[in-house]
Amino acid sequence: MQHFGGNIRKAQTGNRGIMKKALGTIGLCRRAGKLIFGFDAVKDEVSAVKSKASGVVIADDLSEKTKKEVNFICAKHNIPVCAPGITMDEIKGVIGKYTGILGILDEGLFSSINKQTIDRQGDIE
């Protein structure tokens, strides 16, 4: 497991099937209205007093500076961050927007993505 500082959980590259499951869960979040995307929107939601954010998902090809900023903001507000090994192009294929930062507003859906990330690490290590 590789960390970018605080509490980011990053999956190793390898098992595409589990990444497809994570993308499917992200698509479900979008259809359920439990997804926000983009740096500013996610930052505003995470920083809100009555934040509904359960966690933040970041793309692998996000810039290091942006990863660092997201990690800092989420660590400050005790929001978990995970990187399930997906790219911004793959996210665009699922939600229709080219973005690398996703805020998940449902605890169960975020834990599903996070669990898939953990399972993927176990398969590779």
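## Exercises on helix α3

**Exercise 1.** Work out what span helix α3 should have, and check it against its end C-alpha atoms.

*Solution.* Helix α3 covers residues 64–76, so that's 13 residues. Helices here are DSSP runs (H or I, at least four residues), numbered from the N terminus. Next, the expected span is 1.5 Å times one less than the number of residues. For α3 that gives 18 Å, and the end C-alpha atoms are 18 Å apart, so the two agree.

Before going on: this is a predicted model, where local features need pLDDT of at least 70 and side-chain atom pairs count only at pLDDT 80 or more, while totals for chains, interfaces and linings use all residues. Residues are numbered from 1 along each chain as its sequence is written, and side-chain values use heavy atoms, leaving out hydrogens and water.

**Exercise 2.** Find the salt bridge of Lys67, and decide whether Lys67 is buried or exposed.

*Solution.* Start with the criterion: a side-chain nitrogen of Lys or Arg within 4 Å of a carboxyl oxygen of Asp or Glu. Lys67 pairs with Glu64 at 3.6 Å, N to O. Both sit in α3, three residues apart, about one turn of the helix. Now accessibility (buried is under 20% relative accessible area, exposed over 50%, partly exposed in between; 1.4 Å probe, protein chains only). Lys67 has 4%, so it counts as buried.

**Exercise 3.** Do likewise for Lys65 and Glu69.

*Solution.* Their side chains form a salt bridge at 3.0 Å, N to O. Lys65 and Glu69 are about one helical turn apart because four residues separate them in α3. Lys65 is exposed at 62%, whereas Glu69 is partly exposed at 29%.

Terms used
Helix = DSSP H or I, 4+ residues; strand = E, 2+ residues; numbered from the N terminus.
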